[in-house]
Amino acid sequence: MSSIPGWEARAVEPVHTKYRRIVTRIPVPESLPILEKLKRFEPQTMGGQPPVVWDRAEGVCVFDRWGNQWLDWSSGVLITNAGHGRPEIVNAIVGQARKPLLTTYCFPNEIRAELVEKLVSISPAPLQKAFLLTTGSETIECAIKLARTHGIREGGRAKSVIVSFDRGFHGRTLGAQMAGGIPALKEWIVNLDPGMVQVPYPDGFRTEDVRFEVFEQQLEKLGVDPRNVAGVLLETYQGGGSSFCPKQYIQQLRKWCDIHQALLIFDEVQAGFGRTGKLFGFEHYEVAADLACFGKGLSSSLPISAVLGRQDVMDLYPPGAMTSTHTGNPVCAAAALANLEIILRENLAQNAFRVGGVMHCKLAGLKNRFPERIGAHHGMGLVAGLQMVTPGGKEPDGQLASAIVRAAVEKGLLMFAPVGFGGATVKICPPLCIDEEATAEAVQVLEECIAECASV
Ligand SMILES: Cc1ncc(COP(=O)(O)O)c(C=O)c1O
């Protein structure tokens with residue numbers, strides 16, 4: 001029988017609780033032919049996640065078809081903010097599909113009109129227009145294009161620099177990768193755009209100096225004239241560590257952007273729609289965004305994303321010049337609308353704030369118990385990152401993080417593979433409908449995993 005690298009079969013303890021059930025070996029022997037098929041016909045890059053073959057997912061749980069059930073701390077990859085398989089979303093998708101109206105390109109459709117109206121109505125000023133796309137990366141490409149177009153119109157072609165941040169991640173398309181701050185991901189790009197530069201991200205751990213002056217000093221070092229900056233792009237929190245900036249830093253950045261007529265662009269692809277305990281993550285900073293990019297939690301299901309922005313910026317292009325084939329697909333739009341209704345009706349941002357508060361207290365307790373191995377605990381609401389380090393230092397320990405994720409999966413707690421600097425962040429991001437009971441159980445499991453893995 002073949003095995004999955006890093007996941008050689010080993011006996012695991014049976015688990016049986018309300019949220020978790022493990023009754024087979026992991027990976028499940030019967031699932032190996034499926035895993036092998038994927039390995040054979042997909043590029044190996046698709047093989048990075050724990051070998052759990054999802055069969056169905058509901059609420060905060062994921063099930064395979066061999067009797068195992070995981071309490072989900074992944075939300076896929078921060079997609080299912082409203083919870084997995086919510087009947088309201090399923091019904092909206094099925095209802096729209098059964099009409100049938102499966103696609104309309106940019107021809108008008110009613111559900112798209114409802115969705116963009118809804119998005120604008122719930123967004124903080126001055127986000128007045130919404131452009132629908134399919135993936136998060138596309139929204140970043142679009143935001144870069146809009147910021148540069150705006151800059152060039154305001155200040156000529158020199159005003160086209162896009163400033164982003166070290167260790168940032170904005171997706172895997174060309175522009176998004178150039179705006180990203182992870183050098184290894186850019187090795188394939190032969191002609192790096194000299195008009196895209198990165199500055200230190202003030203996370204307080206990998207970058208200890210969190211003063212805004214560092215931003216200005218770095219631009220000067222890079223020879224960037226602030227008057228030539230078209231836009232500053234940042235993740236509301238960096239996904240790699242779940243790290244936020246100090247509020248004061250962002251408020252100074254907002255002023256700086258105003259002075260230099262640069263657009264402030266928040267990448268809310270992970271942070272949007274309640275994840276951080278506020279409906280929009282950048283609300284924590286109490287500043288306005290000129291553009292904001294959304295994806296993932298917008299539908300809790302089907303692929304749909306959105307750029308929201310100031311009217312003057314969003315209307316820079318004439319009819320037909322900024323489009324995409326699947327813009328506002330009616331089935332995806334129906335899913336997104338149903339999802340937003342759930343998030344608002346059930347006040348899931350508030351739930352993320354409340355349950356997340358309890359979770360972060362418990363995680364802080366874990367950091368106290370394992371101070372040598374958890375270098376940093378960052379996050380807000382229902383997103384957290386534990387950055388694992390080699391004993392006593394700050395070196396990322398990707399092996400330890402991977403061992404913890406594996407141990408958790410074997411105990412029925414589902415997490416995706418470690419992310420972030422050195423692949424050493426254990427990322428926690430459950431559906432936002434999770435309650436305190438499930439959260440307490442999950443943290444207890446995580447504690448057992450760290451105790452087991454950190455001692456070997
Ligand atoms: C902050 C952020 N921006 C952009 C993206 C890219 O989104 P997508 O994978 O939908 O292209 C991601 C995906 O993980 C992300 O986390």
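**A walk through the model**

Let's begin in a loop: F273 sits between strand β12 (263–267) and strand β13 (291–294). Look at its backbone and you'll find phi near 60°, a positive value in a residue other than glycine. Keep in mind as we go that this is a predicted model.

P126 belongs to the loop that runs between α4 (110–122) and β6 (129–133).

Now for the ligand. How many residues surround it? There are 14, and the closest are T135, G136, S137, G171 and V269. Helix α5, covering residues 136–155, gives the most to this shell, with 3 residues. Sort the shell by class and you get 8 polar, 4 nonpolar and 2 charged residues.

Next, find a pair of helices: α3 (residues 87–98) and α10 (residues 330–345). Their axes come within 8 Å and cross at roughly 155°. Since angles over 145 degrees count as roughly antiparallel, that makes α3 roughly antiparallel to α10. The crossing of α3 past α10 is right-handed. Which residues do the meeting? On the α3 side they include E88, I89, A92 and I93, while the α10 side includes P330, V331, A334 and A335. By class, this contact between α3 and α10 is made up of 11 nonpolar, 3 polar and 2 charged residues.

Finally, head over to an open sheet of 3 strands, ordered β15-β16-β18 and paired in the antiparallel sense. At its edges are β15 (374–380) and β18 (425–428), each of which pairs on one side only. Ignoring direction, neighbouring strands here are turned by 15° against each other on average. Zoom in on β15 and β16 (residues 383–388), and you'll see antiparallel pairing over 6 bridges. For instance, H377 has L386 in β16 as its bridge partner.

Helices join this sheet too. Helix α11 (residues 348–369) packs on the sheet and touches β15 and β16, with its direction at about 175° to that of β15. Then there's helix α12 (residues 398–410), which lies across β16 and β18 and runs at about 35° to β18.

Notes:
Residues numbered from 1 in each chain as written. Predicted model: local features only at pLDDT ≥ 70, side-chain atom pairs only at ≥ 80, totals over all residues. Near = placed C-beta within 6 Å. Helix = DSSP H or I, 4+ residues; strand = E, 2+ residues; numbered from the N terminus. Nonpolar A, V, L, I, M, F, W, Y, C, P; charged D, E, K, R; others polar. Axes fitted to C-alpha atoms, helices over the stretch in contact; angles between N-to-C directions. Parallel < 35°, antiparallel > 145°, perpendicular 65-115°, else oblique. Left-handed = near helix turned anticlockwise from the far one by under 90°. Contact = placed C-beta atoms within 7 Å. Pairing = 2+ DSSP bridges.
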